[in-house]
Amino acid sequence: MGDIDRLQIEFEQLEAQQEQFEKLKAAGFFSTQQRRQAEDVFNQIQRKSGVISASASVGGGKIVVDEEAAKAEHVILESPMTVSIESMDDTDVYRYIYLVQEYFPGHISLDTVTLKRERDLSGTLLRSIASGSSPKMVGAKLEMTWRTMIPNTSVINEAPAEPGGAAPAP
């Protein structure tokens, strides 16, 4: 009877892990980091967020060796991203952050957010807003890290890194 109970518990745990795996897979965590796809996603997010402009750059990827990923013959690919935003108000910036975390493939961690009021309210500025224009009032800089998990076979000519350490990606 003890073996049957143990097997049932293991099966339930496996089902829960399978659900988590499917969510990660659907979020693009197990895909390569395609820069063209990232550009398209950034453009869509800019349109949906309501910011005036957003300029994004994605740095070179680095391989992070993780013990758990290595058991599945995978490594973690990590790329720094920087986004400069111009907006009429800070709520558009926060909406932009939400959309990046929601729609970007893989896992995005928000490392730093810097908001700066660019202009003070004035009669001229209020008239400009009343006439329907969207003047730049807030500037923001976001620093994020983009992570995906890729098979070892996707890594070409890599010097192995220490577990938990990083090596440059191809």
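Helices (H or I, at least four residues) and strands (E, at least two) are DSSP runs here, numbered from the N terminus. By that rule, Thr 145 sits in strand 5, which covers residues 138-151. Before going further, keep in mind that this is a predicted model, where local features need pLDDT of at least 70 and side-chain atom pairs count only at pLDDT 80 or more, while totals for chains, interfaces and linings use all residues. Residues are numbered from 1 along each chain as its sequence is written, and side-chain values use heavy atoms, with hydrogens and water left out.

Let's start with the overall layout. The protein has five helices and six strands, and reading from the N terminus they come in the order α-α-β-β-α-β-α-β-α-β-β. Of the 170 residues, 29% are buried, where buried means under 20% relative accessible area, exposed means over 50%, and partly exposed is in between (1.4 Å probe, protein chains only). As for the surface, the protein exposes about 10800 Å², with carbon and sulfur atoms supplying 52% of that; accessible areas come from the Shrake-Rupley method with a 1.4 Å probe, and for residues only the protein chains shown count as cover. Then there are the contacts (heavy atoms within 4.5 Å). Among those between residues at least 6 apart in sequence, 74% join residues at least 24 apart.

Now for the inside. In soluble globular proteins, nonpolar side chains tend to be buried together. A nonpolar core here is a set of buried Ala, Val, Leu, Ile, Met, Phe, Trp, Tyr and Cys residues joined through side-chain atoms within 4.5 Å. The largest one has 21 residues, and Ile 85, Tyr 96, Val 100 and Phe 104 have the most contacts inside it. Helix 2, strand 3 (74-87), helix 4 (90-103) and strand 5 each put at least two residues into this core. Apart from it lies another core, of five residues, among them Ile 63, Val 65, Val 75 and Ile 150.

Setting aside residues up to four places away in sequence, Ile 85 touches Val 51, Ser 53, Ala 54, Val 93, Tyr 96, Val 138, Gly 139, Ala 140 and Leu 142.

Back to Thr 145 in strand 5. With a relative accessible area of 10%, Thr 145 counts as buried. What does its side chain make a polar contact with? The partner is the side chain of Asp 111, at 2.6 Å. A polar contact is a pair of N or O atoms within 3.5 Å; within protein, one must be able to donate a hydrogen and the other to accept it, and residues adjacent in sequence count only if both atoms are side-chain atoms. Not counting residues up to four places away in sequence, Thr 145 touches Glu 78, Ser 79, His 107, Ile 108, Ser 109 and Asp 111.

Moving to strand 4, look for Leu 110. Leu 110 is partly exposed because its relative accessible area is 30%. Its contacts, leaving aside neighbours within four places in sequence, are Ile 97, Gln 101, Leu 142, Glu 143 and Met 144. The C-alpha atoms of Leu 110 and Trp 146 are separated by 9.1 Å, although the two residues are 36 apart along the chain.

Leu 110 also belongs to a nonpolar patch on the surface, together with Tyr 94, Val 113 and Leu 115, and the four have about 300 Å² of accessible area together. Patches are made of residues with over 30% relative accessible area and no salt bridge: like charges are joined within 9 Å, nonpolar side chains (Val, Leu, Ile, Met, Phe, Trp, Tyr) within 5 Å. Which element gives the most to the nonpolar patch? Strand 4 (residues 107-117) does, with three residues.

Finally, the charges. The whole structure holds seven salt bridges, each a side-chain nitrogen of Lys or Arg within 4 Å of a carboxyl oxygen of Asp or Glu. One of them pairs Arg 36 with Glu 39 (3.3 Å, N to O), and these two residues lie three apart in helix 2 (residues 35-49), about one turn of the helix. Arg 36 also forms a salt bridge with Asp 40, where the closest N and O atoms are 3.5 Å apart. Arg 36 is exposed, at 53% relative accessible area, whereas Glu 39 is partly exposed at 41% and Asp 40 is partly exposed at 33%. Another salt bridge joins Glu 143 and Lys 141, with the closest N and O atoms 3.6 Å apart.
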